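Welcome! Please take a look at the structure below, and then let us walk through it together.

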Amino acid sequence: MDGIFLQQLINGLTLGSVYGLIAIGYTMVYGIIGMINFAHGEVYMISAYLAAISLALLAYFGIESFPLLMLGTLIFTVVVTGVYGWTIERIAYKPLRNSTRLAPLISAIGISLILQNYAQISQGARQQGVPTLLEGAWRLEVGTGFVQLTYTKIFILVAAFVGMAALTYIIKFTKLGRMCRATQQDRKMASILGINTDRVISYVFVIGAVMAALAGVLITMNYGTFDFYAGFIIGIKAFTAAVLGGIGSLPGAMLGGIILGISESLFSGLINSDYKDVFSFSLLVLILIFRPQGLLGRPLVAKV
Amino acid sequence: MSDEVILSVDNLMMQFGGIKALSDVSLKVRRNAIFALIGPNGAGKTTVFNCLTGFYKASGGKIELNLRGTRTNVIQLLGERFQAADFVSPRSFASRLYYKMFGGTHLVNRAGLARTFQNIRLFKEMSVVENLLVAQHMWVNRNLLAGVLNTKAYRQAESDALDHAFYWLEVVDLVDCANRLAGELSYGQQRRLEIARAMCTRPQIICLDEPAAGLNPQETEALSRMIRVLRDEHDLTVVLIEHDMGMVMSISDHIVVLDHGNVIAEGAPQEIRNNPTVIAAYLGADEEELA
Amino acid sequence: MSAAKNASIDIKRSLVDMVLAGLISLIVFGPIVGVVLDGYSFNMQPARVAWLVAGVMLGRFVLSLFLQTSKGQAILQGFESSGSGVHVLAPDYKSRLRWIIPALIVIAIVFPFFANKYLLTVVILGLIYVLLGLGLNIVVGLAGLLDLGYVAFYAIGAYGLALGYQYLGLGFWTVLPLAAIAAALAGCILGFPVLRMHGDYLAIVTLGFGEIIRLVLNNWLSFTGGPNGMPVPSPTFMGLEFGRRAKDGGVPFHEFFGIDYNPNVKFLFIYIVLFLVVLAVLYIKHRLTRMPVGRAWEALREDEIACRSMGLNHVLVKLSAFTLGASTAGLAGVFFASYQGFVNPSSFTFFESALILAIVVLGGMGSTVGVVIAAFVLTVAPELLRSFSEYRVLLFGVLMVLMMIWRPRGLIRISRTGVVPRKGVAP
């Protein structure tokens, strides 16, 4: 097998697992209140800044061991991003629960603009970066070439997998997960049964933000650079992943993310890297036309 | 199918995922009749309705309308999956592609079937008259150029549409409300407006989904009179779902009873009233007891 | 209402609200605002955080107190009852616009005699955004379709002129109708498959489409010149050019009419043509809202299922709104390109779409007058307040969120025309 092909496959797998993490935020919010949270990409962007800030702070305090750095950064980023998710829901979406269909979408666009400009004003428009934390790689000889599997990539794959497994556990087996599923099925009935659905919706936003935060830490580790505009493109791609897997379905979001990541990597590695974003967006349009319910989603029956 | 039968349903089947909502429903509606569909909650009445009116695509069976002198296959209008045979015969391929691209619920209405909704669906932020004008969309002058230039023919068509709208407002006794927002009307008025709006599409069959729900006895009585007027004076066939047994028994010519997605009885009101299967279905008797 | 009794103000509650808001804002603003990254190290900026947190706390405290007063309660209840604010006008109602519109036209005719070049260009830009706002208002305001890639059709118009000139030698007047058609066609191709699906998908697909167009313009160096952009020819008047010297030995405009050369004439010309086009679009929009198509758009926005049950092909009706909106953007693009003299992809970012959306949101969904005012406010105000330009996008965002919470239908109350009751006639 061709070395480049395998290399792109691995790159795609890591990239895709991170897309999957962000896609979870889209898919859960869509599942529960039927709305596309356009600001979700920006939440990811904020978390990338938070990760870099936390790394800088920890380094300033003289912490240099990788596990401690990672643990500290993860906790800090996840908590603060979670608060972001909660605040956004509270300010921009909750007052619009009974409004027209367009209102929350436009409000989400507003939040997205606010977050971009806020990051730009407070941190400057320049690209930001973090140092490489995990040096070294495995090299595998494959046929004529070789494949490089950096430790960073391995870490990303493991962390993304653990994150998804934890979330699946929460949704499947805990009380919170049961409440989420019930609210998703029938919000009115769930609230009649004594579930505080407003609070569940808030939790869902926080969970989405936490997953985006995890993704933010991981992508920042992998690429090392980001700017205030980073959330926009990744946001659309993660949404593509969510639609590809079937919006509203958790395993779908993960599967969609991985498929999108791999196909994008292959496209950019083997065909043309300038047009890789065009490729992803075109994929989104094509899926929506030919299989709007996605891979694992159920076809929607309109309620008459 | 004789000309007398205006709507015929054969072996209608409907599945949602793994749930079978309708297993085998067949019925025939005669021209100029008042036809009632009854049954306990969850019997599949609304599903039948949604299949007839083209909102659901039936999983199996056949629905044929015989309106305005043509026979219409409702399921075909909604756009079917391509069959292997289509790739051999370009003509059937083209027709299926056409219905896949441009087909849909609206064609059922254009064939001459109108409906109302259980949970009233008016255009709440538009005026009462505008609601009726929208319903006449297919009958007015839709030429963009004529409208922008405000030509004589266009003004005439609009004026005719207004005449027609006010005619139906008179029938449902809402002329005084013509310039109010539809959302401001009382519940009973909204129900009547919905019927008037359906009538403005100039149908030959009207399907009423629980028209008496939420009405008081006087209003129900008035509604019954109106339904009879529609049938007698406007040459209309009425299909209705209703829970108010008094009303159903008094106005229907023919009743079909559904339970668990099957037709369990049909006939004139008198026969249905005394049918033991129907009574059992409503009172929830066990099937063993019936046998 | 027994507001007087309920209005006893609970300061303790407000204080608790204030402290909570302060804590949250400290967590939210603390890291991002307070720690500014600088390479791999950072600078602390605690003062900014303190100001922000203090501002949020004060704001929350005042808001909390205000909402406990009877006036605040009334506003709160106003949100919950979600009064739509729509009303039907009496049949014999005469709009004040009867006087305002002729007055505005007179002002618009007199204006160029007093304006300098700078003022003229600002007004041209304002009019371009009026055009864009009107087009998007058909899509978002009337038909209720959220189009987030509207700028793509604008780009098609602008690049249509640049590319048409470069490769085919087409001029302003040929491209003007062609751009409208090309944008409409693009809208049709994009809209037809997407519009049959759940409404929200349209938003994300158009968002993606806008990005695709921008990326292609940016990356296709050999065809579009990439980020460097392309030159655009000046418009001509009956084949006469506005430059000091005409190309290929022709006679320029000023020599033909025997007047002194004036570099403003080009902008004056654009202004006049643009103004006429805006007037035409305003009239067409005014007619459309009263025509069957306009009624169908609004009906679809209200209830798609009911529309389908009445024989309206929802896909085609939505498509007509989408393509009409797109073609308006195509027209605006041609004007923008000739006004700027060159085009490059950075004029067609998502921010531009967001700005146009902000115009529609502020001006009011479906309201023509509101959109015209909002377009001028949102394009001219930033010109005047240049020192705030870095906060411009932030303000748009805040504006969108606040408008959605406070007045989702826009500032201007929407009215529907009434009709004189008449005797009905059976069909």
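This is a predicted model: local features need pLDDT of at least 70, side-chain atom pairs count only at pLDDT 80 or more; totals for chains, interfaces and linings use all residues.

## Where chain A meets chain C

Now for the contact with chain A. Here 54 residues of chain A and 49 residues of chain C take part. On the chain A side, two or more residues each come from helix H2 (40–60), helix H3 (66–93), helix H4 (102–123), helix H9 (230–245) and helix H11 (276–290). The most come from H4(A), which gives 17 residues.

What classes of residue make up the side of chain A that touches chain C? There are 39 nonpolar, twelve polar and three charged residues.

## Where chain B meets chain C

Chain B also touches chain C, with 43 residues of chain B in contact with 33 residues of chain C. Helix H4 (105–110), helix H5 (128–135), helix H6 (144–149) and helix H7 (152–171) of chain B each bring at least two residues to this side. H7(B) has the largest share, with eight residues.

Sorted by class, the side of chain B that touches chain C holds 20 nonpolar, twelve polar and eleven charged residues.

## A closer look at one residue

Let us finish with C:Ile373, which sits in helix H17 (residues 368–384) of chain C. C:Ile373 counts as partly exposed because 19 other C-beta atoms lie within 10 Å, while a buried residue would need 20 or more.

Terms used: Residues are numbered from 1 along each chain as its sequence is written. Chains are lettered from A and ligands numbered from 1 in the order in which they are written. Two residues are in contact if their C-beta atoms, placed from the backbone, lie within 7 Å. Helices (H or I, at least four residues) and strands (E, at least two) are DSSP runs, numbered from the N terminus. Ala, Val, Leu, Ile, Met, Phe, Trp, Tyr, Cys and Pro count as nonpolar, Asp, Glu, Lys and Arg as charged, and the others, Gly among them, as polar. A residue is buried if 20 or more other C-beta atoms lie within 10 Å of its own, exposed if 12 or fewer, and partly exposed in between; C-beta atoms are placed from the backbone.
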